[in-house]
Structure formats: structure tokens, C-alpha cells
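The exercises below are to be worked with the sequence and the structure side by side. Try each task before reading its solution.

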Amino acid sequence: MTQQQVIANWGNYPQLSAEVDELGLLPDVQNYLQQQSPLTLRGNGRSYGDASLGKQVFSTLKLNKFLDLNTESGILTCQGGVLLSEILDVILPQGLFLPVTPGTKFITVGGAIASDVHGKNHHKEGSFSRHVLSFDLMLADGTILTCSRQENQELFWLTMGGMGLTGLILSATFLLKKIETAYIRQTCIKARNLAEIMDLFESSTDWTYSVAWIDCLATGEKQGRSLLLLGEHATLEDVSPNQKANPLEIPQKRKLNIPFYFPRFALNGLTVKAFNTLYYNKQWAKESQSLISYDPFFYPLDSIYNWNRIYGKPGFVQYQFVLPKETSKDGLSEILTTISQSGQGSFLAVLKLFGKGEPEAWLSFPMEGYTLALDFKVQPKVFELLEQLDRLVLKYGGRLYLTKDARMKKEALQNYPHLEQFKQSLPPGFTSHLAERLELTINNKQ
Ligand SMILES: Cc1cc2nc3c(=O)[nH]c(=O)nc-3n(C[C@H](O)[C@H](O)[C@H](O)COP(=O)(O)OP(=O)(O)OC[C@H]3O[C@@H](n4cnc5c(N)ncnc54)[C@H](O)[C@@H]3O)c2cc1C
């Protein structure tokens, strides 16, 4: 059913008018793809910028069927529009968990592959692509190809992190991990500054999950002060007798909702600074241990519906970059100094140490080093600051995450070493506002 509507992704910036179609039956989808070109593919719109925006959009949300689950081998096959939250509802009671999950569970499997998403376990278990065995891809002419490491390899790797530009991921088969309980054994450590948090990350690589919330406005001795969260799936031995009775069941909590957009003045440099100080001081002790449910550990923001509205109607942009390990210390320090001098802060910036990336997935974002993700309210002066940050990221050999981007220029992509090969290998028929802005589809085989 075609609908003309104004759509945006999670940052609410940019907002574009689009014709959106949603179909669930394969012959209809095939027919539709043959008639519409170029087409933009859209999952659940949880990318922040314009990756799934375009004039003619196909929403995958009706491709939402589970096709097979083998609880012994932990192998799941489902359609590309199934949400990770829906998968968790099915697999958790079976003692299974997602191999990799981003900071929200409201994304589709197609979106997880197209952005090659990473989680808090990247240093140990890589990004989503590492756990995908195969997927079925529909090309613009309606042909369906099964892609894996053995079959149609080129398309397999182009699609991993390929931002929806190779074809429609109809279904995917991937490996889940086994768990004994739905709880996480968490350790939280306070770090006074950047040097300390980096030392802590590097001495904690045995932990499966690690992530730090960093105060991006702290300066001087306190620059980079953070709270490091480390986590492991709790075993039956770790939980209380009460929890052991139903170890894979978590009592449901009520979710908060932000019912309207906050007014412009609600979020300014002062409120962000005060919030960050409060957050850093929420723990007095140097180190604390707790046993928490998987939900607040992996998805702390999902408990507040529509939290993106606190940035007001103009929306916000997320800025995520990664720097090679060798340059991370100097690079992060200069970038944090530039941000604090600008006074345009971010609530809770997220710092993480990545392990090795996937060299065959040419547009996949992660590479070994430190990644920082920050939110900035959209206001005229923010774009100037972000261009300044782009130059610093490039100077230190780093790169930006496409799925979070809404504004970078094509020059900022220069540290994706296989960019030209990616562009030239793309099959025809798919595009997006992001692809046009960055000229990703300019040389493809159309
Ligand atoms: C609160 C929050 C936290 C996040 N945390 C993380 C994180 O920790 N790590 C991380 O890596 N990301 C993170 N993200 C980003 C998010 O995981 C990715 O942007 C993801 O791709 C969104 O998936 P989606 O289903 O919403 O797809 P959309 O946002 O609609 O689309 C994203 C991309 O996938 C393509 N696509 C979608 N479905 C298909 C399909 N079936 N076939 C082909 N292409 C398709 C689109 O064309 C587009 O290029 C976070 C986002 C939010 C809002």
C-alpha cells in the first residue's frame, strides 16, 4: 500500500517526503522491485541519519516471519524485517541469546546486516556479520540469490555493512549463543580520566562485554572521566535461589514514555554538563558489582520510549568515529578538547574498544581501536563543529560510522580503503539519501 509521508530516522534529522510501500508476500515484493528503481530499503528506522531515507522507499516490516529455529545448534533463520526484540522474545526462554546486539533491540535483522552492527562484545566476538551463515538477497530484477562464504561470496561481503545498496535481504540464517540465565553479572569501575579508562579497557579484554559512559565536557585532569561497565552472562551458580526457579524469565517493568518534543531551551550546555556530573557521581565507590537483567545492561535507553524527543523538533545528529589504537590517546584527547571548548556537549557519550574488523566487508565500520559515539542537538553551529571533528578523525587515521551519519561530506570517507571497489561492484537498482549525498552509487553497474 503506497503512502506519501514525511519520514525520518532516529535523530529526526533530516526529515524527507517519501512514497513508502510495505509488502509481505514474496511474489508481490518481486513484482514491486521489478517496477521500482532506484529504490531505498528501510528496516525500523533506527539508523540515526538518512541511511534508509529516499524518495521511493520499501519498508521491510511485513517481512516478519520466523522460518526455522534449531535449539540444539542455536541456528535461527528468519525474514529480514524481524526485530531483534521479537527474536529475544522467542529465543530467551530457550536459553539462547543474540551473538551481537547494538544498544537498541528495536532494529531489524536486515538492518543489522546492512550496517554490520557491533555490540559491547566487539573486542571478543566481532560484529554481526561474523555470526551470519547465509542470507537470501533479492536483486532489483527480482532474482533471489543465496549468499554465504561459499556461494555468491562477493555479494555476501558487499552486503555486510553495505547500507542496503546491494539488494533486499529477504531472510538470514545466523548463529545464536547459549546462556543459562537472563541475567548479567556486572562490574562498574570509575575512571578518573582518559589514560585510566584506556588502561582499564585494555586490562579487561577477557570480559565478554565492555563499554564506558564518558563525560565529554570534563576538562583538564578530569578529561575523559568515565564509568566502565563490564559484563558476563550469569550462570545458574551466580543467581539467587528465587531467580534460579525461572532463570530465563525476567519480571517485566513498566516503560516510560516521552509524550512530546521538548522545547528548544530544555537542553543546553548547562543542563548537559550538570547531567554528566550527576551521572559520573552516581557511584561513589571505585568499583561495584551487581547482578542485573539483560535488558538494562544491553538496552538502557529502550526503557524510555521516544527518548529522541528530548532533543526537540529539530532533532539531533549522532557522531560516531573509530580511531586506530596507536593514535587513539592523542586523537581522543584533541577531539574531547575541541568538543568541550565548543560548549556543545553530548549527554552520555559512549566509548568502546573494538577488536579487529572484517577486512572483506569493505564498508563495515569497526576496526581495531577506540570508538566514541556522541549526540549533538541540531542547531546551526553544530555543523561547523562536526566538520572540525571530521578533520581531526581523518588526521588520526580514523573513520565515521555511516549508519549514524546525516551530514558528512564524501571526502570524510577516505579512510575506508576499499571504497572505490565497493562503489564499482554494486549491482544496480538501490539507493538512499545517504548514498546520493556521499556518491556511493555513482559508479555502480547501472
Ligand atoms: C538507541 C540506539 C542505539 C544504537 N546502538 C548501536 C550500537 O551499539 N551499535 C551499532 O552498530 N549500531 C547501533 N545503532 C544503530 C542501529 O543498530 C543501526 O542503524 C541499524 O542498522 C538500524 O536497523 P533498522 O532495522 O532500524 O534499519 P534502518 O535504520 O531502517 O536502515 C539501516 C540500513 O539498513 C538497510 N536495510 C534495512 N533493512 C534492509 C534489508 N532487509 N535489506 C537490505 N538493507 C536493509 C537500510 O537501507 C539502511 O541502509 C543504534 C541505534 C539506536 C537508535
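**Exercise 1. State which residues of helix H2 (residues 84–91) are buried, and how they are placed around the axis.**

Solution. Step 1: the buried residues of H2 are Leu84, Ile87, Leu88 and Ile91. Step 2: they cover an arc of only 100° around the axis, so they sit on the same side of H2. Step 3: the cover over these buried residues includes strand S6 (75–79), strand S7 (96–97) and H3.

The model is a predicted one: local features need pLDDT of at least 70, side-chain atom pairs count only at pLDDT 80 or more, and totals for chains, interfaces and linings use all residues. Residue numbers start from 1 along each chain as its sequence is written.

Terms for this and later exercises:
- Buried means 20 or more other C-beta atoms within 10 Å of the residue's own, exposed means 12 or fewer, and partly exposed lies in between, with C-beta atoms placed from the backbone.
- Helices (H or I, at least four residues) and strands (E, at least two) are DSSP runs, numbered from the N terminus.
- The arc is taken over the directions from the helix axis to the C-beta atoms.
- Contact means that the C-beta atoms of two residues, placed from the backbone, lie within 7 Å.

**Exercise 2. Describe the buried and the exposed side of helix H6 (residues 194–203).**

Solution. Step 1: Leu194, Ile197, Met198 and Phe201 are the buried residues of H6. Step 2: seen down the axis of H6, they fall within an arc of 100°, so they line one face of the helix. Step 3: Asp199 and Ser203 are exposed, on the face turned away from the buried side. Step 4: the partners of the buried residues are strand S12 (183–191), strand S13 (209–214), strand S14 (226–233), H10 and strand S19 (349–354).

**Exercise 3. Work out how helix H10 (residues 325–342) and helix H11 (residues 380–395) are arranged.**

Solution. Step 1: the axes come within 10 Å and cross at roughly 170°. Axes are lines fitted to C-alpha atoms, for helices over the stretch in contact, and angles run from 0 to 180 degrees between N-to-C directions. Step 2: H10 and H11 are therefore roughly antiparallel to each other (under 35 degrees is roughly parallel, over 145 roughly antiparallel, 65 to 115 roughly perpendicular and the rest oblique). Step 3: on the H10 side the contact is made by Gly331, Glu334, Ile335, Thr338 and Ser342, which meet Leu385, Gln388, Leu389 and Leu392 in H11. Step 4: by class, the residues of this contact are four nonpolar, four polar and one charged. Ala, Val, Leu, Ile, Met, Phe, Trp, Tyr, Cys and Pro count as nonpolar, Asp, Glu, Lys and Arg as charged, and the others, Gly among them, as polar.

**Exercise 4. Is leucine 336 buried or exposed, and what does leucine 336 touch?**

Solution. Step 1: leucine 336 lies in helix H10. Step 2: leucine 336 has 22 C-beta neighbours inside 10 Å and therefore counts as buried. Step 3: leaving out residues up to four places away in sequence, leucine 336 touches Cys216, Gln223 and Gly224. Step 4: between leucine 336 and cysteine 216 there are 6.0 Å in space, C-alpha to C-alpha, although they are 120 residues apart in sequence.

**Exercise 5. Describe the shell around the ligand.**

Solution. Step 1: 32 residues surround the ligand, and the closest are Gly43, Pro102, Gly110, Gly111 and Gly164 (a residue is near a molecule or strand if its C-beta atom, placed from the backbone, lies within 6 Å of it). Step 2: at least two residues each come from strand S3 (40–42), helix H3 (109–114) and strand S10 (168–175). Step 3: H3 gives the most, three residues. Step 4: the shell holds eleven nonpolar, 19 polar and two charged residues.
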